[in-house]
Amino acid sequence: MKFGMESEKHIFNLETKKPSEGVFSFIEALTEFRGNRYHTLGDNKTTNEFVLNMIEFGTTPSESPMEVLKDYLLHYLMVRKVAKREKVALVPLASLPLDFLPHMVSKWGYYVQNSILSGRKQDGWMMKPDSPLRAAGNCAGIHVHVEIETAPEFLYSNRELMDKFNMGLQLTPMIAFSSSPYFFGKHSAMSMRGHSYYNETYKHFAINGALPSVMSSSMAVLDGVRKSIDHWMLRGTEIGFNRDQLEGLMRGKGANWNPVRWNRTWNTIELRCLDSDSIELDASKFLWITSCMKRMDLKGEALQCRPLNTERRVDRGMLREAFQLSGREVAILPTHAISEIFERAIEFGTRDDLVEEYLHALAEFSVAGLQPEEKRIFTLLYRTLETHRTTSEWMLNRTGRKAAISNEEAAALVIESISRQDQVIQNFRSEAPEIFSLLDEMVPQM
C-alpha cells in the first residue's frame, strides 16, 4: 500500500504584512531556482491553489511513510528558501487570522463552485465579502492519501473500500490538533478552519462537504459519490448552468469536499480534515494516519471495522470500547458518535475530555503499525496531546484568548509564527537526523 501527502500553505508578504497574491510569480521563481541549481531533485509538485494567497506541494507516492516525509520536507525547505529570496514566507497556520478578501484564480470550475454554493450565478470572478468560497480561500490543510489496492472496477466486490473509508472517518477527530483559532479576526472554535469550512461553507450542502456516515458496504461508499454528484448537478442546473458543462467538471474528482472521501482519480482514501501546521506536526500527523491505516491493509493485518451497536450519547464507556480488537475486527464509533467527537474536536480541541480520551485510544491503536524509525516523529504529536500545546493553544495564549483581534495584532501573530519556524526546524533536525542529513546532501545550506 502506498501513501501520499499534499500540503497547502498560505503565503505572506513580510514587507506589506498582508497576504501575498503573487503565487504565480512565486512558482515561476521556484521553477527558475530549481532549473538553475537543483535540476536533479525530480518532479516539481508545487502548484497554485484556487486562491492567489496559497501554494500547494505534494509528494511522490511511496510504500514507505518516511520516504514520503523526506519528499515533503525536501519540497518544503526548497520552497521556503525561494520564499525568503522573494520577501514572502510560508505561514505555519491553517488560517490567516487577519481580515482580508481572498482573490480567486480565474478557472471556470471555481466560478461554478462559488455560484452553486451562493445559490445564484455570480457577476464575475471576484469574490465578495459574502461569497461562500471566501472562507475556503482562508483554509490551508494537509491531505493524506491512502491507496486502495483493489482495482476501481472491482471495489464493490469486497470490503477494502468500506473498511478504509470507515477508518478514515475515525481519524477525523485529529482536527483537534488545530492551528487556526482565529479566522478573519474572530475566534469561536479551536479549529476555525474546520468550523468555517465544514459547518458554514457547506452548511446547505452536507452531502458535498460535511462528515459522511459510517458505511455499511463498499457499494455504499460508491453510491455516496454518485449522490453527491447528482445533488451538485441538480443545484447547478437550478441556477442556470448547462448540464453538459457541469458533467465535464464532474469527470475529474466529482463534487465531494468532505473531511474524508474516496478520491476516484487516484483510487485512494483521502483524509482532508487536518489543519496545516508547523512542519514537525505535519509530519507527525501523517505518521499517525499511515501507521493506523497499515493495520487495515489487505497485505497487512487486514483488520475489518465493526461499528459499535449503540445509539446512546458518547461517554467514556463507549470510548473505552473503541479500537478494541476481536479477532480481525476492530470496534469503531457509529455515525452519531463519531460526528459528536468530530464536532467537539473542532470546537474545543484536545482540552475536551472526551476528545482527549478518544485520541489516546487512537494513538494506542495506531502505534502498533509503526516502524522503529518512525517512533520519534510519531511521539511529537503524542507529546502535544499530553501537554495540550497545539498551535491554536499557543496563539490563544499570546492573545489572552480574545474573541476578536485587530488586523495589527493578527499580522504580528503571523510574523511571530513564521519566525518560530527557524527554531522548529532546528529542533526537528534532532528528532529526525536521518531525514535532514539526506536533504542536506541534496540541497546544501538550506
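For the residue classes used here, Ala, Val, Leu, Ile, Met, Phe, Trp, Tyr, Cys and Pro count as nonpolar, Asp, Glu, Lys and Arg as charged, and the others, Gly among them, as polar. You're looking at a predicted model, where local features need pLDDT of at least 70, side-chain atom pairs count only at pLDDT 80 or more, and totals for chains, interfaces and linings use all residues. Residues are numbered from 1 along each chain as its sequence is written, and side-chain values use heavy atoms, with hydrogens and water left out.

Let's start with the second largest pocket. A pocket is an open set of points on a 1 Å grid over the protein atoms alone, where a 1.4 Å probe fits, with protein on both sides within 12 Å along at least five of seven lines; its lining residues have an atom within 4 Å of a point. Its 17 lining residues include Glu280, Arg389 and Arg420, which are among those nearest the centre. They split into 5 nonpolar, 7 polar and 5 charged.

Now for the largest pocket. Its lining has 34 residues, with Glu49, Tyr110, Gln113, Lys253 and Trp257 nearest the centre. By class, that lining is 15 nonpolar, 9 polar and 10 charged.

On to the packing. The largest nonpolar core takes in 149 residues, and Met167, Met174, Met293, Leu333 and Ile377 have the most contacts inside it. Such a core is a set of buried (under 20% relative accessible area, 1.4 Å probe, protein chains only) Ala, Val, Leu, Ile, Met, Phe, Trp, Tyr and Cys residues joined through side-chain atoms within 4.5 Å. Leaving aside residues up to four places away in sequence, Met167 touches (heavy atoms within 4.5 Å) Cys292, Met293, Met296, Cys305, Phe323, Val330, Ile332 and Phe365.

Terms used. Buried means under 20% relative accessible area, exposed over 50%, partly exposed in between (1.4 Å probe, protein chains only).
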